[in-house]
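Please read it beside the sequence and the structure.

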Amino acid sequence: MTGGGVEAFRALHHGRAAGDPLILPGPWDVASARVFEDAGFAALATPSAGIAASLGYADGAVPPREMFAAVGRIAGGVSVPVSADVEDGYGLPARQLVDRLFDAGVVGCNLEDSWGGKAERTGTLKEASAQADYLAEVRAVAGAELFINARVDTYVRGVADLEETVRRARLYVEAGADCVYVILAPADVLPALRDGIEGPLNAIAIPGGPSPKELGELGATRITFGPGLQRQAMAALKGIASDLG
């Protein structure tokens, strides 16, 4: 889905009131995507870790071909726009990455600025200017037909430095990112991120943390859930399974 789909998706991120962020559930297969669509959500955002679990892989271990096939099935199985978490782009040149995203029928993607281990603190942050250059290449290839959500991994990689986080975010916005996603940023730094970063700001909602509405009041424009919804669903299924005997 491109063209009108991406325009509609981009528009969902703008003109939102505080406390009314765009909520993007994260489907891990077509069945879960249809549940979220039927519940009335205007768009969806796939989580790489959730899809990995559904395919039997560890987070970060899905072969790119299988990830693009999975997100393609999800995008083709619903009528609402779908954005895809494609991790760090799998080392693909911008042209190949954009072609695969378009072939999958998604309107947007997450691109993270670290590589290596998927566990907290085990990966390595990329050099910010190099990541900005890559984002600029993706933007140049895709034009306006792709919504780019630039993930900033400072907090997930143990670099709890607000100044560095904002510096990276600004570079990515200047490179053409539509939105910035400072994953696992503490809720109390969201107002400072909001003040320091131009454009939409993505925050993650985690169990036991602030609600999506509260995150919106702190400055988040859109809310995603990572693999959290898939894990909650599996926990519920485990409970159902335990009662079968």
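How many aromatic pairs does a search of the whole structure find?

## Basis and aromatic pairs

The model is a predicted one, in which local features need pLDDT of at least 70 and side-chain atom pairs count only at pLDDT 80 or more, while totals for chains, interfaces and linings use all residues. Residues are numbered from 1 along each chain as its sequence is written, and side-chain values use heavy atoms, with hydrogens and water left out.

The search finds three aromatic pairs, where rings of Phe, Tyr and Trp (its six-membered ring) pair if their centres lie within 6.5 Å, and planes under 30 degrees apart count as stacked, over 60 as edge-to-face and the rest as tilted. One of them joins Phe 9 and Phe 147, whose ring centres are 5.1 Å apart with the planes at 80°, so this pair is edge-to-face. Because Phe 9 lies in helix H1 (residues 4–11) and Phe 147 in strand S7 (residues 147–152), the pair ties together parts that are 138 residues apart in sequence; helices (H or I, at least four residues) and strands (E, at least two) are DSSP runs, numbered from the N terminus. Both Phe 9 and Phe 147 are buried, a term that means under 20% relative accessible area, with exposed meaning over 50% and partly exposed in between (1.4 Å probe, protein chains only). Trp 28 and Phe 36 form another edge-to-face pair, with 6.4 Å from centre to centre and 80° between the planes, and Trp 28 and Phe 36 are likewise buried.

## Nonpolar cores

A nonpolar core is a set of buried Ala, Val, Leu, Ile, Met, Phe, Trp, Tyr and Cys residues joined through side-chain atoms within 4.5 Å. The largest has 59 residues, of which Val 86, Leu 97, Val 138 and Leu 193 touch the most other members. Apart from this core lies another, of nine residues, among them Phe 9, Ala 45, Val 107 and Cys 179.

## Buried residues and their contacts

Arg 151, in strand S7, is buried at a relative accessible area of 11%. Leaving aside neighbours within four places in sequence, Arg 151 is in contact (heavy atoms within 4.5 Å) with residues that include Glu 112, Asp 113, Tyr 172 and Tyr 181.

Pro 27, in the loop between strand S1 (22–23) and helix H2 (30–38), is buried with a relative accessible area of 0%. Beyond four places in sequence, the residues that Pro 27 touches include Phe 36, Ala 45, Pro 47 and Ile 51. In helix H3 (residues 48–55), the buried residues include Ser 48, Gly 50 and Ile 51, and what covers the buried residues of H3 includes strand S2 (44–46) and helix H10 (228–242).

## Backbone angles

Most residues other than glycine have a negative phi. Glu 87, however, has a positive phi near 55°; Glu 87 sits in the loop between S3 and helix H5 (94–104) and counts as buried at 5% relative accessibility. Leu 184 also has a positive phi, of about 60°, and is found in the loop between strand S8 (179–182) and helix H8 (190–196), where Leu 184 is partly exposed with a relative accessible area of 31%. Just after H3, Gly 56 takes a positive phi of about 85°.
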